[in-house]
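Open the model in your viewer and keep the selection tool at hand. The stops below say what to pick next.

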Amino acid sequence: MQEKQRRARSSKLLRGISRAITLAVAASFLTGVGSAVAGPLFPNTKIRLTLVQWMPTKGSYEQWATVGGEYTVSEEGTIAVPLLGPISVDQLDEVTLASTIAKRLKEKIGLVDEPAATVEVLKYPPIYVVGDVEKPGEYEFHGGITVLQAFAMGGGQRRAASTLQNSADVTKMVGDLKEIDNSIVRSTVKIARLKAELAGEKTFQVPKQSSDATAYSDAIYTQEQTIFSARANELSRQSKSLGALRDLLSEEIKVLEEKTKSADLNIASMQQQLESTVSLIEKGVLVPTRQADAERVIRGYQGDRLDLTVAIMRARQSISQTTRDLEGLYDKRQTQIASDLQAEQAMMSQLMLKKETIQKVLTEALSSGSAVQAREPPRLEFTIVRPGKSEKNAEIDASETSTMAPGDVLKVTLRADLQPLASISQDAGEVTAPTTSQ
């Protein structure tokens with residue numbers, strides 16, 4: 001009784017130590033999180049999920065590599081976590097999301113304790129500065145950035161002579177648009193390839209591109225087709241190798257079973273011989289040592305049969321393990337493809353937004369009027385355009401101290417009472433922004 005009580009106390013103490021160490025590990029992960037902002041996770045935010053669990057049987061911690069990894073928040077505000085499916089991150093910060101995932105995993109798998117989960121923000125969606133600034137464009141977001149800081153990133157107030165009136169600057173922006181178009185083509189083809197892999201297709205097709213982009217898109221399609229074929233061949237080789245191993249183990253079991261039958265026949269034969277020997281010994285024809293020899297031979301046959309039985313059990317265990325490896329091979333591939341597809345779609349959204357922003361800036365600049373001067377000192381007005389869940393974005397009047405969020409667009413407008421410096425010829429040709437293929 002005392003021994004049982006001692007073991008119960010020891011077990012309880014070990015569980016307490018395990019929980020304490022788990023909490024300490026979780027705390028160390030949380031203190032190491034490098035996220036710049038403690039707040040809701042916005043769409044297109046890239047995060048890293050880390051899961052650690054104490055394994056009492058091994059006396060060490062193990063990471064859940066299958067569930068953990070890098071994720072990108074979708075436009076709908078969700079992440080797709082293996083075993084749990086889509087999880088909404090709306091209005092959740094890193095700590096709350098990590099706690100939610102840990103609780104759901106505990107309920108899903110039936111764990112005794114929750115795994116130590118941490119969420120680290122790797123990259124926030126960028127912010128955009130447009131309007132009357134020296135350097136409009138995309139800028140990296142960091143926590144606590146104000147409108148004035150974003151305004152400074154954009155180079156401050158645009159000078160009297162617009163920088164976009166210079167032909168070199170216009171050419172650069174047109175080049176940027178062309179580069180974005182090429183990136184969109186690459187992303188479009190890659191998304192088509194990933195969707196085909198996810199659906200298990202033998203080949204894939206891409207949406208038809210404009211004639212200007214045909215040559216480039218054909219080259220990208222050829223490259224992605226090579227990747228598609230190589231990945232398919234790799235999966236096929238791995239699955240065939242595991243299938244061949246399983247077939248080989250099945251044949252080995254058949255051979256072992258035949259040997260078992262032969263061993264049974266030998267045992268039965270020796271058993272008959274032993275009975276005859278015993279009968280002859282009782283009649284005095286044979287000496288008793290012959291009985292001992294026969295029994296020793298029978299025990300040898302029986303030992304061989306036990307070895308064959310163990311070998312059959314091991315082969316069947318290997319078949320089960322091979323089957324699990326084969327199923328896990330496809331599950332792991334599907335998870336990786338889904339993650340890559342989610343990240344590529346998020347990148348496509350960013351490219352489209354960047355293209356739209358640059359096109360708008362370029363069009364407004366090239367379609368602006370002649371040089372003007374202000375009767376009074378100009379004033380700056382700031383407006384934050386914040387993406388919403390609905391199709392219509394929210395426009396917020398802001399001041400220099402207003403705080404920006406990931407994905408915001410800062411519009412800077414220079415308000416002044418203007419008068420023309422010179423008359424403009426009415427028959428001058430209208431300047432329009434160059435167009436690029438969609």
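## Salt bridges across the helices

Select Lys 190: at 28% relative accessibility it counts as partly exposed. This is a predicted model. Lys 190 and Glu 344 form a salt bridge, with the closest N and O atoms 3.5 Å apart. Lys 190 sits in helix 4 (residues 167–199) and Glu 344 in helix 6 (residues 289–366), so the pair ties together parts that are 154 residues apart in sequence. Glu 344 has 9% relative accessibility and counts as buried.

Stay on helix 4 and pick Arg 193 and Glu 197. Their side chains meet in a salt bridge, 3.5 Å from N to O. Arg 193 and Glu 197 are 4 residues apart in helix 4, so about one helical turn separates them. Arg 193 is buried, and Glu 197 is buried too.

Next, show Asp 264 and Arg 305. Their side chains meet in a salt bridge at 2.2 Å, N to O. Asp 264 lies in helix 5 (residues 214–283) and Arg 305 in helix 6, 41 residues apart. Asp 264 is partly exposed at 32%, and Arg 305 is partly exposed at 29%.

Switch to cartoon view. Here 5 strands form an open sheet in the order 8-7-12-10-11, with mixed pairing. Its edge strands are strand 8 (137–139) and strand 11 (394–398). Neighbouring strands are turned by 25 degrees against each other on average, direction ignored.

Zoom in on strand 10 (residues 379–386), which pairs with strand 11 in the antiparallel sense over 5 bridges. Finish on Val 385, whose bridge partner in strand 11 is Glu 395.

How values were computed:
Residues numbered from 1 in each chain as written. Predicted model: local features only at pLDDT ≥ 70, side-chain atom pairs only at ≥ 80, totals over all residues. Heavy atoms only, no water. Pairing = 2+ DSSP bridges. Helix = DSSP H or I, 4+ residues; strand = E, 2+ residues; numbered from the N terminus. Axes fitted to C-alpha atoms, helices over the stretch in contact; angles between N-to-C directions. Salt bridge = Lys/Arg side-chain N within 4 Å of Asp/Glu carboxyl O. Buried < 20%, exposed > 50% of the residue type's maximum accessible area, 1.4 Å probe, protein only.
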